[in-house]
Amino acid sequence: MAATGSCVFHGGVFLALRRDWMSSNGSFKSGSIGIPNARRLAVSATSMDQVASTSSPEITVTSSAVESNVFGKGRFEKNHEHAATKTVGVGGENGSRSNFGWEDTEVRKSLKDYFEQSVELIRSDGGPPRWFSPLECGSRMDNSPLLLFLPGIDGVGLGLIKHHQKLGKIFDVWCLHIPVRDRTPFTELLKLVEKTVKDEHRRSPKKPIYLAGESLGACLALSVAACNPHIDIVLILSNPGTCFSKSPLQPVVSLLELMPESLQVSLPYILNLLKGDTSRRPLEIVELILQQIISELSQDLGALSSHLSVLADILPVETLIWKLKMLKSASADSNSRLHAVKAQTLILCSGRDLLLPSIEEGRRLRQFLPKCEIRRFSDNGHFLFLEDGVDLAATIRGASFYRRSQNLDFVSDFIPPSPDEFTKIFKDYRLIDLVTSPVLFSTLEDGKIVRGLAGIPEEGPVLFVGYHMLLGLELAPMVGQFFKEKNIILRGMAHPMMFVKVKEGSLPELASYDSFRMMGAVPVTAQNLYKLLSSKAHVLLYPGGVREALHRKGEEYRLFWPEQSEFIRMAARFGAKIVPFGVVGEDDFGEVVFDYEDLIKIPYFKNQIEALTSEAVRLRADMKGEVANQAVHLPGILPKLPGRFYYYFGKPFDTEGQKEELRDREKAHELYLQVKGEVENCLAYLQSKRESDPYRRLWDRLAYQAKHGFTSEVPTFEI
């Protein structure tokens, strides 16, 4: 998979054409595909099995690895003007720095680009189905897994055009192109994709292979996975066509087959009917179906008028008939194999899919597929990947579906969020920032307290331990401020319920926690803490856990830490700095008026608590005391007019050079009590000082911002 060559396609659209056939001697060829007078682009290609054959007499190939002119025209030359594939790493030396390599501004393609580049791809469209790699996918990090995109009924292979740039940084992306006039049956397509999967699995048996498919392609992906349960396959299915029997598209097949040739008008003609020409309506049923298709692509038909001829070229009537018949057979085939699918599966369902009942189908498939999760896109239509507001790379990572080996590693497989992703994530938490106007303080090395995070150690490993506010309300403002001010990602040790359910029930869907996982949350285990500290990360740990975040009435700012010094010796092993912190303000936000002790006395709520707790992985089951009470419930909270959140990070405890000393349990416990005491001091300091804050109340802050601007920093108490 190391063969490299520079590849050019007319208009600079593609990185390489790939075929799933090896050369006769079993070797792999790589070369430069060019068109006379085409703009030459220097890019990189990897794992190219063989330059795809074509009937076009204009295309030539140049490569030092090719001995003869397979295209029949042109000259051969050695060409080393390509740019090497850029390798981007995760985290560098410090595992919590956001320096992955995302561009500051993401350039995303549009529906217009889809049509324009489709013209380039189908211009010389002979030969069988084949793989190609988009130009934008030429720069990826080490050990990236392979992602094979299987298109819908259009067959062009450009369905991910809006996602090529981001997917290309974390995947080796291959897209399947099915020529317009190609009539390869579904069974042969299945063999082609299956052969590619098997070949790539032989080359990299420890890496997963991703199959991303939409509608028809999703059926193909399911069938491939069912036929190869021994291969590590990850399925990403967008509005799968497995429910084609319930689709309004089905009658079109019979209608178009029975239609006389004299009435088989072109797709542009039918689209013109949609624009209001009532004098030409011989095909009202076809019109209604195609109106649904077009409304999925764009709400503005006028915007597509310049691309109607491209639609006609992509889906002429005879091709549309063939593709719909194929979708019907693909749906039947994949449904017959569902029982054999063992692959990890992520189903993306659109709430406004006019062509398929996708939400209902997602629920049905989840009953058959053992490792299945669903992500719903309520405001999107059938052609999900071509719509605005959908980020496939972020969706895969947020669902914890991105991995580069047989098992997910929450540390090494973590990809930091891009600036744009960070902005989108924290847009949902802007209201908390606005109403609580959080103030953060830190301690410099000389003991001076300053506003801001200047006292936070830049280099890891750093372990933050502190008080967990009611319902974890302090998390979003704190994590956001660390990212904005210090470019540091706090890797939070989170409850396993955010990553896995023991069984289905009333707990929130795992999708509710996607943004937390995007920001680096990991399940709280000793192994994950070990990996994070060894990677020099900035780690956030709440020893009080669920018991502290779901505290009872009158227990504000009380710590519920275990008696054992859980984290001290682990921190000392890597010479980590331990930063104690406190946060106050929950009592100005709401008051617990109906707690666990009250709920457990009522049979209905008692049964509900037991059911919720049984759905979650139980922590600290072997411990005694209050910290072992991990019952999952929602206390009754009386909201208040929001006050202000205050954070205080104390002076770090440096464990560098104390590894051997802190192996002694008594000395480790002594340091543990010192850290706990410092957290309590931080809480007491903030509770005392906030009394002198003239802007503790919401109205005072709003008045200040009305005068000085709503983006201005609101003053606080004197330090």
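In which loop is N239 found? N239 is found in the loop between β8 (233–238) and α5 (250–258). Keep that residue in mind while we tour the model, which is a predicted one.

Start with the whole chain. The protein chain has 719 residues, and 58% of them count as buried. Its secondary structure comes to 22 helices and 21 strands. Now look at the contacts between residues with a separation of 6 or more. Residues 24 or more positions apart account for 81% of these contacts in the protein chain.

Next, look at the nonpolar cores. The largest nonpolar core holds 89 residues. Within this core, L235 and I236 touch the most other members. Helix α4 gives the core its largest share, nine residues. A second, separate core has 68 residues, including L529, L533, A537 and F645.

Now turn to the helices. Two packed helices are described by the angle between their axes and by the distance between those axes. Take helix α3 (residues 186–203) and helix α4 (residues 216–227). They pack at an angle of about 60°, with their axes 10 Å apart. That angle makes α3 oblique to α4. The crossing of α3 past α4 is right-handed. On the α3 side, the contact is made by F186, L189, L190, V193, E194 and V197. On the α4 side, it is made by C219, L220, S223, V224 and C227. What kinds of residue make up the contact of α3 with α4? Nine are nonpolar, one is polar and one is charged.

Helix α3 also packs against α9. The axes of α3 and α9 come within 10 Å and cross at roughly 60°. From α3, the residues in this contact are F186, L189 and L190. From α9, they are M326, S329, A330 and D333. The contact of α3 with α9 divides into five nonpolar residues, one polar and one charged.

Is A330 buried or exposed? A330 is buried, because its relative accessible area is 0% and buried means under 20%. Leaving aside neighbours within four places in sequence, A330 is in contact with F186, L216 and C219. Compare sequence and space for A330 and T187. They are 143 residues apart in sequence, and their C-alpha atoms are 8.6 Å apart in space.

Move on to the loops. L662 has its place in the loop between β21 (653–654) and α21 (665–689). At 3% relative accessibility, L662 counts as buried. What does L662 touch, not counting residues up to four places away in sequence? Its contacts are I568, R569, A572, T655, K667, A668 and L671. L662 and M570 are 92 residues apart in sequence, yet 9.5 Å apart in space, C-alpha to C-alpha.

R618 gives another loop position. Its place is between α20 (603–615) and β19 (636–639). R618 is exposed, with a relative accessible area of 56%. R618 and V632 are 14 residues apart along the chain, and their C-alpha atoms are separated by 9.7 Å.

Finish with the backbone. Which peptide bond is cis, with omega near 5°? The bond in question runs from G460 to P461. P461 has its place in the loop between β12 (449–451) and β13 (462–466).

Now return to N239. Its phi is near 40°, a positive value in a residue other than glycine. N239 is buried, with a relative accessible area of 0%. S400 is not a glycine, and its phi is positive too, at about 60°. S400 is found in the loop between α11 (392–398) and α12 (419–427). S400 is buried as well, with a relative accessible area of 17%.

Methods
Residues numbered from 1 in each chain as written. Predicted model: local features only at pLDDT ≥ 70, side-chain atom pairs only at ≥ 80, totals over all residues. Heavy atoms only, no water. Buried < 20%, exposed > 50% of the residue type's maximum accessible area, 1.4 Å probe, protein only. Contact = heavy atoms within 4.5 Å. Axes fitted to C-alpha atoms, helices over the stretch in contact; angles between N-to-C directions. Helix = DSSP H or I, 4+ residues; strand = E, 2+ residues; numbered from the N terminus. Parallel < 35°, antiparallel > 145°, perpendicular 65-115°, else oblique. Left-handed = near helix turned anticlockwise from the far one by under 90°. Nonpolar A, V, L, I, M, F, W, Y, C, P; charged D, E, K, R; others polar. Core = buried A, V, L, I, M, F, W, Y, C linked by side-chain atoms within 4.5 Å.
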